[in-house]
Amino acid sequence: MSTAEDTGGDSAPWGEVTPEAARRLLVAAVEAFAERGYHATTTRDIAGRAGMSPAALYIHYKTKEELLHRISRIGHDRALLLLETAADGEGTASERLAHAVRSFVRWHAEGHTTARVVQYELDALGPEHRTEIVALRRRSDAVIRRIISEGVEAGEFDVPDIPGTTLAVLSLCIDVARWFSAQGSRSPDEVGALYADLVLRMVAAQR
């Protein structure tokens, strides 16, 4: 399976994208954007990777930016669901924060090709689509901020700057997509466990 197809462990990656031709184009776009960058990629590049003609792309996507928006929306929805599931689960704030970080980091490592596009091509979106995605990012920020706030209130965490710490936690997790390699010495699960431990130390969690 191409790393560009891995958006979160589903049995049918990118399964929400239909028909099959549209899915193939989206996978090709992820690979091209990750390799060359959005602005350096042409619709001809994407169609060629998908084994289609440039004209075939416009049957499913009106513009290259529409493709990027579809990729970004699916990716941010998946990432937000992981965080919300962890935050709304049972356990102490420490346990829920560790779960959130492990899941978020694992998603960025397992799908690092997709995650690089989702996280680092935000400014290539048009104004309306960018506003939509920024709203999703703010929801992710709110989830982590809520867990940290609950930990402070419960006496589990010692965090004098909750907004700043939230930004640091999310930035640490997101950056995994930039450097992770499947040929590296650590698996996604191992990186997730390491980062969860680092974040708990960051918030001075009671052990």
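Reader: Which side chain does R145 meet in a salt bridge?

Author: Let's begin with the general idea. Side chains of opposite charge can pair when their charged atoms come close. Keep in mind that this is a predicted model. Here the side chain of R145 meets that of D141, at 3.0 Å from N to O. Both residues sit in helix α7, and because they are four residues apart, about one helical turn separates them.

Reader: Is D141 buried or exposed?

Author: Buried means under 20% relative accessible area. D141 has 18%, so it counts as buried. R145, with 33%, is partly exposed.

Reader: How many salt bridges are there in the whole structure?

Author: A search turns up 15. One of the residues to look at is R73, which pairs with D77 at 3.0 Å, N to O. That's a pair within helix α4, four residues apart, or about one turn of the helix. D77 is partly exposed at 33% relative accessible area, and R73 is partly exposed at 28%.

Reader: Which residue forms a salt bridge with R73 at 2.8 Å?

Author: That's E132, with 2.8 Å between the closest N and O atoms. R73 belongs to helix α4 and E132 to helix α7 (residues 127–153), so this pair ties together parts 59 residues apart in sequence. E132 is partly exposed too, with a relative accessible area of 26%.

Reader: And which residues are linked in a network of salt bridges?

Author: Look for D88, R96, R146 and E150, which are linked in such a network.

Reader: What about a charged residue without a partner? What is the nearest side chain of opposite charge to K64?

Author: It's D45, and it lies 7.6 Å away. A salt bridge needs the nitrogen and oxygen within 4 Å. K64 has no salt bridge, yet it is buried. You'll find K64 in helix α4, which covers residues 64–87.

Reader: Which residues is K64 in contact with, leaving aside its neighbours within four places in sequence?

Author: The contacts are F33, Y38, H39, T41, T43 and I46.

Reader: Is R44 buried or exposed?

Author: R44 counts as exposed, because its relative accessibility is 59% and the cut-off for exposed is over 50%. R44 lies in helix α2, residues 43–49.

Reader: Let's zoom out. How many helices and strands does the protein have?

Author: There are 10 helices and zero strands. Read from the N terminus, the elements go α-α-α-α-α-α-α-α-α-α.

Reader: How can I tell whether the radius of gyration agrees with a compact globule?

Author: Compare the value with what the chain length would give. For 207 residues, a compact globule would have a radius of gyration near 17 Å, and this protein has 18 Å, which agrees. Along its principal axes, the C-alpha trace spans about 60 × 40 × 25 Å.

Reader: What percentage of the residues count as buried?

Author: Of the 207 residues, 50% do. The accessible surface comes to about 9,900 Å², and carbon and sulfur atoms account for 50% of that.

How values were computed: Residues numbered from 1 in each chain as written. Predicted model: local features only at pLDDT ≥ 70, side-chain atom pairs only at ≥ 80, totals over all residues. Heavy atoms only, no water. Helix = DSSP H or I, 4+ residues; strand = E, 2+ residues; numbered from the N terminus. Rg over C-alpha atoms; globule rule 2.2 N^0.38 Å. Buried < 20%, exposed > 50% of the residue type's maximum accessible area, 1.4 Å probe, protein only. Areas by Shrake-Rupley, 256 points an atom, 1.4 Å probe, with all protein chains shown as cover. Lys, Arg positive; Asp, Glu negative; His and termini not counted. Contact = heavy atoms within 4.5 Å.
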